[in-house]
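Q: Could we go through this structure together? Please state the cut-off for each term as it comes up.

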Amino acid sequence: MRINRKLCFVLVVLVPVSFFCFHVLTKSDKVVAVWNREAPGNILDNTILQPESKYSHISLKWKDDVLELLPKNSCKCEAEATLNIPFRQELIGKPFAVDFSKAVEPSLFEDTYRRREQEYINFKMRSYNPVDKFIVAAANSPLQYPVQGLEVSLLATIGTFDVAAEVDGVTIKGASEKQITLSSPLLDNLNRQLQLISYTNTIFHPNTADTIQFQTSGHTATFTINVRHPIIPKLYDAGSSTSAKYNISALVTIATKTFLRYDKLQNLINSIRKFYPTVTIIIADDSDTPQKVEGAFIEQYFMPFGKGWFAGRNLAISQVSTKYVLWVDDDFIFCSHTKIEKLVEVLEKTSLDLVGGAVREITGYYTTYRQKISIQPGGKEGDCLRTNQGYHHVIEGFPNCVVADGVVNFFLGRTEKMLKVGFDPRLSRVAHLEFFIDGLRELHVGSCDDVIVDHASKIHLPWSQTQTDKKYSKFRYPKTSSSKNLQHELFYFKNRLKCMTGN
Ligand SMILES: *[C@@H]1O[C@H](CO)[C@@H](O)[C@H](O)[C@H]1NC(C)=O
């Protein structure tokens, strides 16, 4: 009886487990294209200045001061004309106009221009957000029905309205004010006037929006106007390459942080040089007795003793001047599978900002550390952080690559995006996931398991440990729980999280 019950229990457990395994093994991976979306052209076209035929008979009077504010197809830099008063330059400076295209060597201009435009197209596609799409709700509006005397008004919260032209037969109340009211007995004239409303923000903010109420008797529509500077591109010139392949030295900088372990670091550098003899290596070093690392294309930055893990990453990455930065730990070893080109290809061809590889241990086992991270709202006590091993979906065209939220500490990232998220220098000891949590809404993260770097053995027999190893372990893995505490404190306060679950 007892045995039976045990067997039964085992069966009850085993059957669901095997079903679960079956499910995991047979689960078909969803493959998704993450190539950049086509960015739409200019929102404002010239149709308002050249009206449809049904409005062409309506006469109007243009207001030059408002017209001037409309975006034009091509801007010009011309020094403003000024009065020539004595000491003007000394007192208030001199108007100037500088042509940046002159900074490019004339014989290289054509090629440089072509590269810039290509990078710009890619940048626009990557930074395009469908939220910015201009959507016009087609007219199904009561304005089409009234046959006499109609009135509409627009109400802004932080800007003012005006008109670019005054249309005959329309009465305007409130020009240059927060609320503008238009009335006319003629529907066409009123509609034409509505095409010529201008909005001016009165509060200066680099990126905000105004909510506009659009009203006519008994009906209100609400829409928003984005008030913001355009995105300033940050493009990297990887130089002209004669071959079709990527020039890794021009595109990638390898960054690492070291602390005491110069033997390991030297092994890393030697292994990199076997495959990439001219790629720049940046080393952030916070050892107490720093040693100079010699070699071409190496930049070593010394930091105060024990500044720590993330401070070092921050410093190293801040010195990168290439489009991409490859993060490696100082005890990694490049091998024939460490193909940076493959990771570059992924970032060049998709909207991903960061792509991780795989780290192979001495046992042959390798890890990609793919994580799905989510935040669940948790009320007054703070939110809940959830991390799960796994990924969201496979990337079309890259069968070895998936989209995830966090990856292993061997990754290629867009320098620009990495700087934006940054590595919190308060995290001085073991930290990794924290960067991906800070970057959750900023970074589009991927992981490819066919780009592999070796990990120098972590297994140290006590009698084979050198003095340096012992010292390193003391700092890196402190006995006290103070560093864990600090991590948790930061989650609690900085990220406003109350707890974390995971697997
Ligand atoms: C690759 O880039 C490096 C650094 O910018 C440059 O010195 C080298 O000439 C380039 N190589 C090719 C083949 O274009």
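A: Two strands pair if DSSP finds at least two bridges between them. Helices (H or I, at least four residues) and strands (E, at least two) are DSSP runs, numbered from the N terminus. This is a predicted model, in which local features need pLDDT of at least 70, side-chain atom pairs count only at pLDDT 80 or more, and totals for chains, interfaces and linings use all residues. Residues are numbered from 1 along each chain as its sequence is written.

Q: Which three strands form the open sheet with mixed pairing?
A: The order is β18-β19-β24. The edges are β18 (371-376) and β24 (497-502), each of which pairs on one side only. With direction ignored, neighbouring strands of this sheet are turned by 20° against each other on average; axes are lines fitted to C-alpha atoms, for helices over the stretch in contact, and angles run from 0 to 180 degrees between N-to-C directions.

Q: In which sense do β19 and β24 pair?
A: Strand β19 (residues 383-389) and β24 pair in the parallel sense, over five bridges. Within that pairing, C384 stands opposite C499 of β24.

Q: And what is the order of the five-strand sheet?
A: That open sheet runs β6-β7-β3-β9-β10, with antiparallel pairing. At its edges stand β6 (171-173) and β10 (219-228); each has a single partner strand, so one side of each is left without a neighbour in the sheet. The twist from one strand to the next averages 20°. β3 and strand β9 (residues 207-216) run antiparallel and are joined by four bridges, and V152 has T216 in β9 as its bridge partner.

Q: Which strands does α5 lie across?
A: Helix α5 lies across β3 and β7, and runs at about 155° to β7. In α5 (residues 187-194), the buried residues are L190, N191, R192 and Q193. A residue is buried if 20 or more other C-beta atoms lie within 10 Å of its own, exposed if 12 or fewer, and partly exposed in between, with C-beta atoms placed from the backbone. The buried residues of α5 pack against β3 (150-155), β4 (159-163), β5 (165-167) and β7 (179-184).

Q: Changing topic: which residues touch the most other members of the largest nonpolar core?
A: They are V252, A255, L326, L343, V344, V355 and L412, in a core of 65 residues. A nonpolar core is a set of buried Ala, Val, Leu, Ile, Met, Phe, Trp, Tyr and Cys residues joined through C-beta atoms within 7 Å. Helix α8 (residues 309-318) supplies the largest share of this core, six residues. Apart from this core lies another, of 12 residues, including A156, F161, V163 and L190.

Q: Which residues does A255 touch?
A: Leaving aside residues up to four places away in sequence, A255 touches I282, A316, I317, V320, V325, L326 and W327. Two residues are in contact if their C-beta atoms, placed from the backbone, lie within 7 Å.

Q: Is Y324 buried or exposed?
A: Y324 is buried, because 26 other C-beta atoms lie within 10 Å. This residue is found in strand β14 (residues 324-327). Beyond four places in sequence, the residues that Y324 touches include V252, V344, L412 and T415. L251 lies 73 residues away along the chain, yet the C-alpha atoms of Y324 and L251 are separated by 6.0 Å.

Q: Why is β21 described as largely enclosed?
A: Five of the seven residues of β21 (residues 398-404) are buried, so this strand is largely enclosed by the rest of the structure. Strand β20 (residues 393-395) pairs with β21 in the antiparallel sense over three bridges, and I395 stands opposite F398. The two strands form a hairpin with two residues between them, and G397 in the turn has a positive phi of about 85°. β21 also pairs with strand β23 (residues 445-455), antiparallel over four bridges; there V403 stands opposite G446.

Q: What is the mean pLDDT of the chain?
A: The mean is 84, and 83% of the residues reach 70 or more. Over residues 7-27 the pLDDT is below 50, and this stretch has zero contacts in the model beyond near neighbours in sequence. Here pLDDT is the predictor's confidence in each residue, from 0 to 100. Residues 144-148 also stay under 50, with two contacts beyond four places in sequence. Where pLDDT is low, the predicted coordinates should not be read in detail.

Q: Finally, how many helices and strands are there?
A: The protein chain has 13 helices and 24 strands. Of its 503 residues, 23% are buried.
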